[in-house]
Amino acid sequence: MTEEYTASKPIYLQIADRIIREIVRKELTPGDKLPSVREMAVQSGVNPNTIQRTYSELERMDIVETRRGQGTFVTEKEDVLTILNEKVQEEVIESFIRNMKDLGLTQEQMIQGVENYLSRREGE
């Protein structure tokens with residue numbers, strides 16, 4: 001399963017973002033083992049060096065840990081995962097607000113729009 005990558009951001013960071021989203025969505029849970037560098041490279045359609053750089057970046061961010069001879073695992077540190085969730089939520093909210101401001105909406109209009117949307121979705 002190869003992916004499409006954009007030129008706006010280095011590929012290793014795009015893959016790191018995908019892994020972070022999978023953690024936030026609980027598709028990857030604390031202690032889960034990530035695919036080997038070689039397996040992830042094949043899955044992602046990139047050079048293994050790109051995946052190694054991705055894993056190194058995630059490890060630098062304390063999101064994963066590499067266990068010698070065992071592989072790379074999602075951190076089990078609850079405080080790190082809580083901060084990660086909050087950071088991703090904040091990024092999504094900031095993007096939403098930027099888009100709404102681009103449409104010329106005021107804060108009150110944004111709030112009303114969200115409330116209307118949520119009340120329509122409650123019945124589903």
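What follows is a set of questions and answers on this predicted model.

Q: How do you know which features of this model may be discussed, and how are residues numbered?
A: The model is predicted, so local features need pLDDT of at least 70 and side-chain atom pairs count only at pLDDT 80 or more, while totals for chains, interfaces and linings use all residues. Residues are numbered from 1 along each chain as its sequence is written, and side-chain values use heavy atoms, with hydrogens and water left out.

Q: What share of the protein chain counts as buried?
A: Buried means under 20% relative accessible area, exposed means over 50%, and partly exposed lies in between (1.4 Å probe, protein chains only). By that cut-off, 27% of the 124 residues are buried.

Q: Why is Glu-57 called buried?
A: Its relative accessible area is 15%, and the limit for buried is under 20%, so the label applies. Glu-57 lies in helix 3. Contact means heavy atoms within 4.5 Å; leaving out residues up to four places away in sequence, Glu-57 touches Tyr-12 and Leu-13.

Q: Why is Lys-26 called exposed?
A: Its relative accessibility is 55%, and exposed means over 50%, so Lys-26 counts as exposed. Lys-26 sits in the loop between helix 1 and helix 2.

Q: What makes the phi of Lys-26 worth a remark?
A: Most residues other than glycine have a negative phi. Phi of Lys-26 is near 70°, a positive value in a residue other than glycine. Asp-62, also not a glycine, has a positive phi of about 70°.

Q: Where is Asp-62, and why is it called partly exposed?
A: Asp-62 is in the loop between helix 3 and strand 1 (64-67). Its relative accessibility is 30%, which falls between the 20% and 50% limits, so Asp-62 counts as partly exposed.

Q: Why are Thr-6 and Lys-9 called partly exposed?
A: Thr-6 has a relative accessible area of 46% and Lys-9 has 35%. Both values lie between the 20% and 50% limits, so partly exposed is the label for each. Not counting residues up to four places away in sequence, Lys-9 touches Gln-14 and Asp-17.

Q: What makes a set of residues a nonpolar core, and which members touch the most others?
A: A nonpolar core is a set of buried Ala, Val, Leu, Ile, Met, Phe, Trp, Tyr and Cys residues joined through side-chain atoms within 4.5 Å. The largest such core has 19 residues, of which Ile-19, Ile-23, Ile-51, Leu-58 and Ile-63 touch the most other members. Helix 1 (11-24), helix 2 (37-44), helix 3 (48-60) and helix 4 (78-102) each give two or more residues to this core. Helix 1 gives the most, with 5 residues.

Q: Which residues is Ile-19 in contact with?
A: Leaving aside neighbours within four places in sequence, Ile-19 is in contact with Leu-28, Met-40, Thr-54, Tyr-55 and Leu-58.

Key. Helix = DSSP H or I, 4+ residues; strand = E, 2+ residues; numbered from the N terminus.
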